[in-house]
Amino acid sequence: MKRILIADDEEVLRMLIVDTLEEEGYELEEAEDGIEAFEKVQNNEYDLLLLDYMMPGMTGIEVAEKIKGLSGKERMKIMMLTAKNQQKDVDASKAAGIHYYMAKPFSPLQLIELVEEILDA
C-alpha cells in the first residue's frame, strides 16, 4: 500500500484531499504545518508528500529543501499543491527538489489522476 503525507495548514483542504484519496486505497497521514511535515518525513517512509507552499513554521519550499539533505529519502516524490502559481513559484519549487506542481483550486479527479501517475511511475 502506498503511503502519502498531506501537509497543509488548511484543515478543510486536508479533509478534502483525504476524502478524495482514501477511496483509492492509499495510506494517508496529515501534517498541519511545515515543521510537523518535516518531522514526519524524518521518522517515517512515504511514497509521496503533498505540500502546500504557504504554511506556518516552514514553507513547502523550505521543507523540500531540508528533505533534499536527508539520506534515504531520494525515492519519495514531492508534489506542491498551491495557489501560488506564477512561473517564479514553479521555478522555486523545482529548484527545491519538488517533482510535481498542481495549482489550487484543483478538481478531485485531477488530483487522483496525477497521484496515480506519480505513484505508478
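**Entry 1: two helices side by side.** I began with α2 and α3, which are roughly parallel to each other (angles under 35 degrees count as such). I am working with a predicted model, where local features need pLDDT of at least 70, side-chain atom pairs count only at pLDDT 80 or more, and totals for chains, interfaces and linings use all residues. Residues are numbered from 1 along each chain as its sequence is written, and side-chain values use heavy atoms, leaving out hydrogens and water.

I found a packing angle of about 20 degrees for α2 and α3, with their axes 9 Å apart (axes are lines fitted to C-alpha atoms, over the stretch in contact, and angles between N-to-C directions run from 0 to 180 degrees). Their contact (heavy atoms within 4.5 Å) is made by G34, F38 and V41 of α2 and V63, K66 and I67 of α3.

**Entry 2: α3 by itself.** Which residues of α3 are buried? I noted G60, I61, V63, A64 and I67 in this helix, residues 60-68 (buried means under 20% relative accessible area, with a 1.4 Å probe and protein chains only). Down the axis of α3 they fall within an arc of 160 degrees, so they line one face of the helix. I see them packing against α2 (34-43), β3 (48-52), β4 (77-82) and α4 (87-95).

**Entry 3: on to α5.** I checked the length of α5 (residues 108-120): at 1.5 Å a residue, its 13 residues should span 18 Å, and the end C-alpha atoms are 18 Å apart, which agrees. Its buried residues include L111, I112 and L114. Among the elements covering the buried residues of α5 I listed β1 (3-7), α1 (11-22) and β5 (100-103).

Terms used
Buried < 20%, exposed > 50% of the residue type's maximum accessible area, 1.4 Å probe, protein only. Helix = DSSP H or I, 4+ residues; strand = E, 2+ residues; numbered from the N terminus. Arc of directions from axis to C-beta. Expected span 1.5 Å × (residues − 1). Parallel < 35°, antiparallel > 145°, perpendicular 65-115°, else oblique.
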